[in-house]
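Open the model in your viewer and keep the selection panel handy. We will go one stop at a time.

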Amino acid sequence: MAWTLRTFSSDVLDVDAARLEELAADEDALEALEVDVVRGGEPVRITHVLDAVEPRIRPDGRAAFPLEPKAGQGVTHRIDQAVVLPCLDFPGEERPLHEQESIVDLAGPGSELTPFAIGTNVVLTFHGRPDAGHRAIDSSTRRVTLAAAELLAALTLEAEPDREETFELGPVDESLPSIAALVQLSDLGQLYQLYVYGEPAGEVGLPRVVDPAEMLDGAVTAGEYHWAAMRNPTLFFQRNSLVTTLYREHGKRLRFAGVVFMRGYEQSAADKQRAADEAAHVAAEVGADGAVITTDGGGNSHTEVMLTCRACESAGIRTAVVLAEETDLDATEAILTDWVPEADCIVSTGNLEELVPAWRPERVLGGDALLDGTPAADVAPIPVRNYLGAANQMGQLCAGAMSW
Amino acid sequence: MLAKEIERAGITTVFVSSLPTIATMIGVNRTLRGPAITHPFGLDEPERRRIVERALEMLEADVAPTTVWEVAA
Amino acid sequence: MVKAVHYLNQFFAGLGGEEQADTPPMRLDGAVGPGRGLAAALEDAEIVATVACGDDYFAEHEEEATAALLELVRAEAPDVLVAGPAFGSGRYGYASARVARAAAEAGIPAVAAMHEENPGVAAVGRAVVVPTGPNVAGMRDALPRLAALAGRLAHGERLGPAEEDGYLPRGLRRNRQYDRTGAERAVDLLLAKLGGDTRTEVGGAHDTVPSPPPIPDLSHALLALVTEAGCVPQGNPDRLASVRAHAWLRYSLAGEERLEPGRYESVHGGFDVTLANEDPNRLVPLDTVRELVGEGRIGELYDCFYTTTGNGTPVATATTFGQEIAAELRDAGVQAVLLSGT
């Protein structure tokens, strides 16, 4: 089953702010929406960023972010170097799991940490109705953001693509090692979860094998608002480096065995162990000789990753694990929040605690003050931890760390 | 790390700590998660009893390398 | 032309052997002994002075000697401080490391050279260590590598990763950009691992100790209590340090049913000891263990407990302490240990 992705230049973008604002007008839980278009390189800091979504549309009229299977078939259009950044400061006191600041800098030292400082950023600054409650506001912002991403891509239906790629896994040399991607999706309740076809990850029967193209084609969307640097925004699934690398290497250095979605953030030790055992079992079922295990979220879900690593290795499936470090700046040893001896092959996506030198933007979008009240333009060095996706643990970026 | 060297001498050891991660990274085999850095063996006697008894169970258990137990079983 | 100062011990500075090991800190002009070979290998840098100290003098007057040497070094306003090579010599390595560390803390880039198992390695702070062979036969190999690093530091260059730039990793982590994504690196590493070559970007191998066997019958076993939480008799009669303990201590538990507050305290400098001082059994559970011995659950409690402060203790030191304590416990026939950590 092949899937074709057509890429269109961002020249095709024509942002009609009024039309986008209309999308929010239908949502009771939202009071207002401001639309700003900014470009990478401009001295802009964007705060309270919830997610990042690439404009996508399907010529056959099916949803770009479908609420039911099956994505990853037929044709989808994407706009290159364009991203929608929804921003929201949740009103009210109730902050269940201390969601933390989330920043994107389009220039300055922080601009190197996230992949948004090139191209066109359509910033949607949402204002929630104070009495609507966080869940309703979140559902509305996500709905409007995805609708906006699709609306922005509509002009591609009348344009010529720059290029076209087809994703398909044909039969290849059986002597090549078979590699699976075990992709962790977290679910700690609304505001801290990823969605598969619009359903919270914890409710879709994980672990589950999916067609890799489904992951690239809008099956997974994000709604997780803690640990900014460790978030896996929607964009990182749409443009996923692990899956596209495995497609590219299929038939060359490996056979791509498939993608397994597995659960993170189970709350009890027994549930964590069960999730790990089941994921390893599914990896064995797809015939994997090796698996790359990726992480979603903070230390709590690192435990599942390590347990899954151990379970796979016990089943004879060799593993490589991707995760971020939380190394104290004076520590004499890299600090991983969890570890098992079987995890002898780890890719580090960088140290969250490292400080990015202070930088003063000329313009701030999303909100003038950070969540802790500091004026956003006026801050001291900011830890990597607070930059959206900067240490994401699917290995999307070139970030890493070294011993010195 | 003391615990590892005592283990190396063949003496069965339970390391009680509120930061078991570092211990497992270093390779300590039996770690019991204690309630806090300020009172690894608990605040009051009933809690201390539960922690010590769990530690004794761990001394008697055949565990996989670098195992961490919780006090509440 | 940038300036370097070179630290040597009494032997390499040409002052004499062991009999001159009590030489106090002193200064010599230019390069001396192996410093000449070092100077020849340095590019665009000269050794303007050599500072030296006897290994025994340093060991017995550590703080004053370090301060005096630092003064001598600072007087030259150098661009780099180079110490050693000390190879496997423990006292010389430790002194080199302390001097290098003091220089680095004073803002002077510093590099020492010694064998990677020299105890000095753990004492070097943020200064850099170039690994050498175990003895002076490695001099010819060490000098050019030491000169290369010293030259770069003297010219204000930022060092790259330890493995690439020829120095021992200090365990500090710094973020960097690779030219491949983390995912691409993961696929590369996994394929290499499947091919028999296992590498990791973080974590690394720790030597493993096999798990000692489970105690078959605790009701007949001898159990000992050990703590890293700095629990000592009130008043800390043996002056256990709160940070970077230089010793471990052993105290008798004979006649004690529990650790009474006011008779025991914690001197650990790394956490709030209020709760521990209110009831020291929170760190060393003597009261509960005595009860369990009385009930027959545990055979016998060893009549001493062992204590140190696990706060900033370098790995090499902690390992030595552990080995010494373990030896005593083993000789005493102790079969089980409860160890409270921090």
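Two residues are in contact when their C-beta atoms, placed from the backbone, lie within 7 Å. This is a predicted model: local features need pLDDT of at least 70, side-chain atom pairs count only at pLDDT 80 or more, and totals for chains, interfaces and linings use all residues. Residues are numbered from 1 along each chain as its sequence is written, while chains are lettered from A and ligands numbered from 1 in the order in which they are written.

Select chain C. Of its contacts between residues at least 6 apart in sequence, 71% join residues at least 24 apart. Its C-alpha atoms fill a box of roughly 75 × 55 × 35 Å along the principal axes. Colour by secondary structure: chain C has 10 helices and 13 strands. These are DSSP runs numbered from the N terminus, helices being H or I of at least four residues and strands E of at least two.

Zoom to β7(C). Strand β22 (residues 399-403) of chain A runs antiparallel to β7(C), joined by 5 bridges; strands pair if DSSP finds at least two bridges between them. Click A:Ala401: C:Asn175 stands opposite.

Last, go to A:Ala136 in helix α2 (residues 134-152) of chain A. A:Ala136 counts as partly exposed because it has 17 C-beta neighbours inside 10 Å; 20 or more would be buried, 12 or fewer exposed, with C-beta atoms placed from the backbone. Then pick A:Gln190, 54 residues from A:Ala136 in sequence but 9.9 Å away, C-alpha to C-alpha.
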